[in-house]
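Subject: Structure handover

Dear colleague,

I am passing on the structure below, together with notes on what turned up in it. Please read the notes with the coordinates open beside you.

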Amino acid sequence: MVWLGLLLVSSQATLAAPAANKVTMQLNWLHQFEFAGYYAAIHKGFYKDAGLDVTLKEGSPSISPIDEVTQGRADFGVSSSGLVKSFLEGKPVFVLAPVLQHSPEVLLSLDQKIKTLSDVARAGAIGLQPGDESLDLKAMFINEGIALDKLNINTEANGLKDLLSGKIVAMNAFLSNEPFFLQQRGLAYKVIDPSQYGMDFYHGVLFTSRALNEDQPKVVTAFRNATLKGWEYALAHQDEIIGLILAQYNTQTKSRAYLVFEAKTLVDLIGSDIIQLGHSNPGRWRHIVETYAKFGIIKFDYSLEGFAYDPNPPPPDLTWLYRTLALVMLISSVLASVAFYIHRLNRKLQIANQTIGNTLTEQHQFMDMLTHELKTPISVVTLTLGHMAAQEPQRRRAEQALDDMNNIVDRCQQLDQLEHQKPESQVQRCHLPEILAQLRTRSPDPERLVITAESLPDMDSDPQLIGIVLGNLLNNAIKYSPPLSTIQIRAEAATNVGRQGIQISIQNVPGAAGLPDPAQIFNKYYRSPGAKKQTGSGLGLYLVHSFTALLGGQVNYAVVQGQAQFTLWLPCQPVEMTAP
């Protein structure tokens, strides 16, 4: 009887257990380590513990996860930053978590003659994913002034097979995937990375439909949490998950070495060591939208309300209560505060007059110490990096980051010199072509600088200040022009109000940041909206204007045939150095 009772209790408990929710997950490509978190969540039981029975659907070049989810053939999907375009076009998508903080998607070609996007457009068919997939690559073309209807896009291309056969001249590829295949076969290839054109967006974005989120929010939350838990496990146990892929998901017949290469590349792009896994920044989504709008892919008039999952929803709105309490407190304290304020103000004015001089001196000393301390480690890291066998483009990114840091330190030193020290002219005979040649040698992209100097007289001026002015102008042109474009520098003798001098013009094609506002370009800390995605201090052109005035010269900015042009005139004879 006891055993019979236990059997009945066990049977009742089994019958009472709730059935797992069956859901489908549409991947955006064939099985590989790119989806390791989903495999881990299934095989380590994270989905099961969350009450979910998950079926993975393998992707292909002809399958759009956005269409699969919005048309009801899948409950969840993986896509790219192009999801925001679909949302703003009215498709009922709902973002849950971007797994990759930086997109691995690049344009890949075997044609060594291809150097620019224009070369790609002229060469032939380009293999891209359908719908709003590969939107970062499409935006990159539009950013360079190449309309999509001018491209021969093939959305049914069979990846590397068609690239190797010559059916397509370029294809969308992942840094974590196709490069390994080509390296193993000793094939040279060309990579065009959207991040070099300001398109550093999310990828591997987990999403669902708006209807599922509204009808079954607990299922959506459970799936998101279990998926992120799966990714945490996969990143911490890469060898184990690679073995799982080889045993059960290796539809592409990849080798272990192939999957190890893929995992190592994706770990850097996920960045979970410094950024919370699945973190979704509303400000970054707005930046992505504004970038698409700038290129005409979507309209500027938009709202992202209801677009993305909020893991920390706001509490009930108690604004009215807070305002009432604040008003009561304000009325009760205002009379006492006025009397106390008057007393404190008088005292503060006395102290301020005594301490302001000391504060400025300490500020100058601190700035001098800080910039000196930063210069030394930057130089050490730069030298070390030059001797390391770092892979491209990681090495180029590191070198660019160090160069940006060094430029910011230089700007701070120059501003400190301008505002806290009385500049003294160190006049000597100087030859402008020599100064330009030295600046070209120190430039990060010397081959882009085309210098024309015709019959220039010698100058009696301060070569250090001239170097600061021209160096800032050249760095500005390099930084805010397309990577492969040339920068024209022309120097010639010119008079100004009867004074003999030299005029130097620096002209460049505008890059992704666009053209700045002429009315604000020489203001301290001014940076155009398009330039804020790049590092910078907003001091370079302010210092150019200030030091030019110290040299007795003039600097102007204009747009000439769609290009940015700075014109600098400097006298050949010294003038009295006065602050601008």
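Which residue is the bridge partner of G127 in β8? In this predicted model, that partner is M171, and the pairing belongs to strand β6 (residues 125–127) and strand β8 (residues 170–174), which run parallel and are joined by two bridges. Both strands sit in an open sheet of five, with the order β7-β6-β8-β5-β9 and mixed pairing. The edges are taken by β7 (152–154) and β9 (190–192), each of which has a single partner strand, so that one side of each lacks a neighbour in the sheet. Ignoring direction, neighbouring strands here are turned by 30° against each other on average. Helix α7 (residues 135–143) lies across β5 (105–109), β6, β8 and β9, and runs at about 70° to β5.

Another strand to look at is β10 (residues 203–209), of whose seven residues seven are buried, so this strand is largely enclosed by the rest of the structure. Strand β3 (residues 76–79) pairs with β10 in the antiparallel sense over four bridges, and F76 has T208 as its bridge partner there. Strand β4 (residues 93–100) also runs antiparallel to β10, joined to it by six bridges, with P98 standing opposite V205.

On the helix side, the axes of α2 (residues 36–43) and α11 (residues 217–236) come within 7 Å and cross at roughly 105°, and these two helices are therefore roughly perpendicular to each other. The contact involves A36, G37, Y38, A40 and A41 of α2, and A226, T227, G230, W231, Y233 and A234 of α11. By class, the residues of this contact divide into eight nonpolar, three polar and no charged.

Finally, the aromatic residues: a search of the whole structure finds 13 aromatic pairs. One of them joins F180 and F261, whose ring centres are 5.3 Å apart and whose planes stand at 40°, so the pair is tilted. It links distant parts of the chain, since F180 is in helix α9 (residues 178–184) and F261 in helix α13 (residues 256–270), 81 residues apart; both residues are buried. F522 and F566 form an edge-to-face pair, at 6.2 Å centre to centre and 75° between the planes. F522 is buried at a relative accessible area of 17%, and F566 likewise counts as buried, at 4% relative accessibility.

With best regards

Key: Residues numbered from 1 in each chain as written. Predicted model: local features only at pLDDT ≥ 70, side-chain atom pairs only at ≥ 80, totals over all residues. Heavy atoms only, no water. Axes fitted to C-alpha atoms, helices over the stretch in contact; angles between N-to-C directions. Parallel < 35°, antiparallel > 145°, perpendicular 65-115°, else oblique. Contact = heavy atoms within 4.5 Å. Nonpolar A, V, L, I, M, F, W, Y, C, P; charged D, E, K, R; others polar. Buried < 20%, exposed > 50% of the residue type's maximum accessible area, 1.4 Å probe, protein only. Pairing = 2+ DSSP bridges. Phe/Tyr/Trp six-rings, centres within 6.5 Å; stacked < 30°, edge-to-face > 60°.
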